[in-house]
Amino acid sequence: MSEVVQKPMVDFPISVLDAKENDEEEPLNNNDNDYASGKLAPEDDNKAPTPIEAETEAPKPSALCCVKNWLVGFYIANSFLILVLAAILLAKAYPPLGAKYLAPRITATWVAVMIIFLLSGIGLKSEELANAFKRLGFNSFVQIFNFFVVSSVTFGFSRLMVEWKVLPQSLADGLTIATSVPITVNMVLVLTKSAGGDEASAIFNAAFGSLIAVFLSPGLVLMYLGVGGFGSVDVGTVFYKLSLRVILPIVVGQIFRKFSKTVVNFVTKHKPKFKKVQEYALVFIVYCVFCRTFEADRDTSVGDIFIMIGLELFLLLSMMVLAWFGLKLCFPNEPKLRVMGLFGCTHKSVAMGIPLINAIYEESPLVGYYTLPLLIWHPMQLVIGTFIAPRLSAFVKREEERLQKNDLSLAEDNSGDNA
C-alpha cells in the first residue's frame, strides 16, 4: 500500500522542517507514537513557544469585535451629542411624557438646573479671577467680543434672515439667544492646550464668563428681543427665579469650595461621575424642552433647520475670522494669547446656556426652538476647533521662533551700538 503523505497546513521555516526530518530518523516508542498521533502532548512546560505557536495562541480579533470597539469608542467620545439626539427623537415619539407626566416644571426647571449650577459652583475656580488685572486688555477683548460683538452681529443677521423669509422667527430668535451665552469651560481649555495657547488665560476667561453670564446673558436677551421675547413674563419674576435656580446654587457651591475641603476633595475624586451627572441633567432638560415644543406642534420644517445649520456655520466661521484679525491687530507679538482668544471669542457653552434658556422661557412653547441653535453651535465649534488645533500649534511654534530671532538680532544690534 502506498503511504499518503499529508502536507503541513502551515508553511514552516526551513529550520523547523529540518528539525522534523531529523526527528523522523529516530525510532519511536509507544509514547512517541502517542505523541505523533496526537493522543498525548509532551509535558515540557519550560519549553518556549515557537513564533508559529505564539501566533496560533493569539488569534486576531474578529471584524465584529473591531466594529464593537469602534462603536464604544465613538460613543464615549460623543456621548453628549448622541444622548441629545436620542432625547429629541424620544420627545418626538411621545411628547406628553416629558411635557406633563415627568413633572418638568419641578424636575427639569428646578431640580436639574440647580444640580448643574451647584456642581458648577463647586468646580468654579474663583481664585483665578485675581488674574484679571494681569492681562486686563486681552481679557476685556475676549469677553466683549464673545458677549457683545458675536451676539449683536448675529441679531442683525437673524433679523435680515427673517425679513427675507429665510428663517422663521422662532429659530432666528434662538440664534440670537445662543450667541448671548458665555464661553465654554472644558472645550476651550482642551482646545487651547492642544493648539499651544495660553492655558492660564483660558481658565480665567472661562471662569469669569460663566460668572457674569448669570446676569449678563438674560440682560442681552432682554435687550435684543424685548419683554415679549420672554413670553410676556414679568422681567422681575424672571430674574427672581434665576437668582434662586442659578445664583443661589453657585454661591452655595463656592461656599463649599472655600470652607469644606472634604466636599471639594470628594467631588474632585469622583469628577468623571459628577461630570456625567451634569451631562445627564442637561440631556433631561433638553428632553423635557422638546417634549413641550413638539406637543405645541409648531410648523417649523426640517428644511428650516438645515438652512439654520448652514447659516450658523457661516456665522461661526465669519466670527472666527473677524476675531483672528482683531487679535492680530491688538496683540501682534502674543501668539499664545491669539490662539486662546480665537476659541474664547467665539465658543458658546451648552452647560450654562441650556439651563439659562430653560429658566427664562419655562412658560414658552417655543423653548425647544430657542435651544436648538445652541445645540448645533456646540458640536460645530468642536469640529472646527479640532481641525485647526494642529495648524494653530504649528503657528505658535513659528511665531515664537521668529520673535526669538528678532530679540537676538535686537540684542546684537544694541551690543554693537554700545561698543
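## Threonine 346

Threonine 346 counts as buried because its relative accessibility is 0%, and a residue is buried when this value is under 20%. The model is a predicted one. Threonine 346 lies in helix H16, which covers residues 335-346.

Apart from neighbours within four places in sequence, threonine 346 is in contact with Phe145, Asn146, Leu316, Met319, Met320, Trp377 and Gln381.

## The largest nonpolar core

The largest nonpolar core has 91 residues. Those that touch the most other members are Val246, Phe290, Phe343, Ile354, Tyr361 and Leu392. Helix H18, residues 367-418, gives the most to this core, with 15 residues.

Which residues does leucine 392 contact, leaving aside its neighbours within four places in sequence? They are Ala195, Trp324, Val339, Leu342 and Phe343.

## Helices H8 and H11

Two packed helices are described by the angle between their axes and the distance between the axes. For helix H8 (residues 136-163) and helix H11 (residues 199-225), the angle is about 35 degrees and the axes are 10 Å apart. The crossing of H8 past H11 is right-handed.

On the H8 side, the contact is made by Phe138, Asn139, Val142, Gln143, Phe147, Phe148, Ser151, Ser152, Phe155 and Arg159. On the H11 side, the residues include Ser201, Phe204, Asn205, Phe208, Gly209, Ile212 and Ala213. Leu216, Ser217, Leu220, Tyr224 and Leu225 of H11 also take part. By class, the contact of H8 with H11 has 13 nonpolar, eight polar and one charged residues.

Technical notes. Residues are numbered from 1 along each chain as its sequence is written. This is a predicted model: local features need pLDDT of at least 70, side-chain atom pairs count only at pLDDT 80 or more; totals for chains, interfaces and linings use all residues. Side-chain values use heavy atoms; hydrogens and water are left out. A nonpolar core is a set of buried Ala, Val, Leu, Ile, Met, Phe, Trp, Tyr and Cys residues joined through side-chain atoms within 4.5 Å. Buried means under 20% relative accessible area, exposed over 50%, partly exposed in between (1.4 Å probe, protein chains only). Helices (H or I, at least four residues) and strands (E, at least two) are DSSP runs, numbered from the N terminus. Contact means heavy atoms within 4.5 Å. Axes are lines fitted to C-alpha atoms, for helices over the stretch in contact, and angles run from 0 to 180 degrees between N-to-C directions. A crossing is left-handed if the near helix is turned anticlockwise from the far one by less than a right angle, and right-handed if clockwise. Ala, Val, Leu, Ile, Met, Phe, Trp, Tyr, Cys and Pro count as nonpolar, Asp, Glu, Lys and Arg as charged, and the others, Gly among them, as polar.
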